Amino acid sequence: MRLELRESPPIWLAGMAPILAVGAALVLCAGLIAWTGESVLEAYALLVKGAVGSRFALAETLTRATPLILTGLAAAVAFRAKLWNIGGEGQLYMGALAATWLGTGALDLPAFLLIPVLLIAGALAGGAVLVVPALIKNKLRVDEVVTTLLLNFIILLFVNYLLEGPLKDPMSLGWPQAAPIIDEGLLPKILEKSRLHLGLIIALLAALAIWLVMRFTVWGFEIKAVGLNARGAAFSGINVNGTIIRTALISGGLAGIAGVGEVIGLKGYLTLDLSPGFGYTGIAVAMLAQLHPIGVVVSAFFLAGIYVGADSMGRAVNIPTYLADVLVASSVLCVLVSVMLVRFRIRRG
Amino acid sequence: MDILEILLTTGFWAATLRIATPLIFGTLGELICERAGVLNLGIEGIMTMGAMAGWMWVYQGGDLWGGVAFAAFIGMMFGLLHSGFTVYLGLSQHVTGIGITLLASSLSYFVFRMLLPDATTPPKIEPFQPYAIPLLSDLPVIGPSVFTQTPMTYLALICVAVIWYGLNRTPVGLAVRMAGENPLAVEAQGIDVLAVRTGAVMVGSALMSVGGAFLTMSAFDAFYFGMVNGRGWICVALVIFASWRPGKALLGALLFAGIDALQVRVQQVSGGAAIPYQFFLMAPYVLSILAMVVMARRAAYPKALLAPFRRGDRA
């Protein structure tokens, strides 16, 4: 068996590849559903209904998609430069911490000033945590996969400490949670009788901005060039280390904003269960979208739908909701293969 | 300070070896994969899978060693999947590995919930019991600590010796190391590079899985959600710390586990008054990062690590 590069991959195939891959993942997971003894079609119907079947379901899916768009963008931008940022979860919590620190009364500003300040502070906090591994990568050639991953654990323990210590809300009846964000710092809801908040618009604008930067600016070009061939980029005069740091700031910043959004848009205060792994799911979002910023929006809605739908399916029939995670993981692997099959042709011999 | 006192207790040394065991398995497994030129970031998920699979085997009525073998087999299957993607299809080892971790850990949770839907408190099994080696266990201090461990810890120590010998003194080991350094040379010998790499990844993944199984079958007696808790990633860091050598991997795992065992005891002595417990819990992760930073200058990566091999490509 041998792989042969296609001279010009057919465009219809490139377009269909992710859809076919997701289809393959659905078929694979059908096996798991069959094993539980439930009807496959009924289960998937319940999943779709739970994700988009009603006004409430749709609003929940959009609410869930909001942080996923941002963490997905964070992964997409970094992976473009081959900066393997697996630390989205930690960066998200750093953003949430910054918003909590400044938004619970430390700053007394009107809403139109306070909200942007919180977003910027969160972005800076998220970016700062990623700059450290990026610097270590530049200076010492230490692989950033492991450092960013391990930082997640460190940051979560740090947040745990703050929530049980200095940041603990004395009014919280013993729960480890921070004081609530003051009213001026809260994002308005954008749909009545739902949890959907302005964060969604911010996330969509971020996706648009990242797409514009990647497509039309020198920064975007440099990021892509460094990712494709760092040595080549260096020869053509691009400051590779500088580009890596800049990418780290953007990527960590986006994940930080995701954390701010969850605190000031959804929960209103910081807890340890703020994120059920949005940082990690963001990687899946970016991989499904093949690192394209607009594709990230689509795949974030899709994955959010799977998670929300699986929750509601799990309540109706006897299928563990972990099916959602399996479905997401197998979609990611199937997409990887499909993209490969678009670029290469398998030949015998 | 009481640290010296702690260092002299047998309990400390016994705990060090116990904490080190899953790290030894995991680090050896990752080391074999990387020596053959394949980074395996599926380790965290494969360890979770091994923890679930081995435990479930015993819970369903199988015997303990059968559970270890089952965990190894399942690990191998995920290794096969990883090498199918990275070795045969030449996909990004980073991305595939993370995908494998997502898949393996979510599948373990799914299967666990599927087979035990109503378990609110994790059900327990009868785990491996410590086995005192005759004569050796009568020695002072090291007798009750080193030679009174569970059989899986002895297995881990045997694995270090076997893998050292296998990698450095056998033709198969030479082929594995060459596949990671200079795959073209392997090809020139008429050996199938892809098969060598696949075999190495499968064996390595089996070891990772057994390391996970140690957690549920020896260290504890139940499967918890999130119980691997970053041990897999720590193993990846330890491989770098060990400069890809089995002997140093053992040393690294022991050093690491020793500091971990020490922090628990210092924490108990200090009563948690001076330093909050979360900072003690951070220690292993901070140490891993420090270990990588310190060793980075001397890190001699296998030259073909991360590079897919395609037959007929020119170097």
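Trainee: How much space lies in the second largest cavity?

Mentor: Rolling a probe the size of a water molecule over the atoms shows where empty space is left. A cavity is a set of points, on a 1 Å grid over the protein atoms alone, where a 1.4 Å probe fits but cannot get out, and its lining residues have an atom within 4 Å of a point. Grid points are joined across faces, edges and corners, and the volume is the space filled by probe spheres set on the points. Here the second largest cavity holds about 30 Å³ of space. This is a predicted model, in which totals for linings use all residues. Residues are numbered from 1 along each chain as its sequence is written, and chains are lettered from A in the order in which they are written.

Trainee: Which helices of chain A each supply at least two residues of that lining?

Mentor: Helices are DSSP runs (H or I, at least four residues), numbered from the N terminus. For the second largest cavity, they are α7 (199-216) and α10 (240-267) of chain A; the lining includes L70(A), G199(A), I202(A), I257(A) and G261(A).

Trainee: What does the largest cavity look like by lining and volume?

Mentor: The largest cavity has about 50 Å³ of space, and among its lining residues are T71(A), N85(A), A255(A) and I283(A). The largest share of that lining, 3 residues, comes from α3(A).

Terms used: This is a predicted model: local features need pLDDT of at least 70, side-chain atom pairs count only at pLDDT 80 or more; totals for chains, interfaces and linings use all residues. Side-chain values use heavy atoms; hydrogens and water are left out. On a 1 Å grid over the protein atoms alone, a cavity is a set of points where a 1.4 Å probe fits but cannot get out, and a pocket is an open set with protein on both sides within 12 Å along at least five of seven lines; lining residues have an atom within 4 Å of a point.
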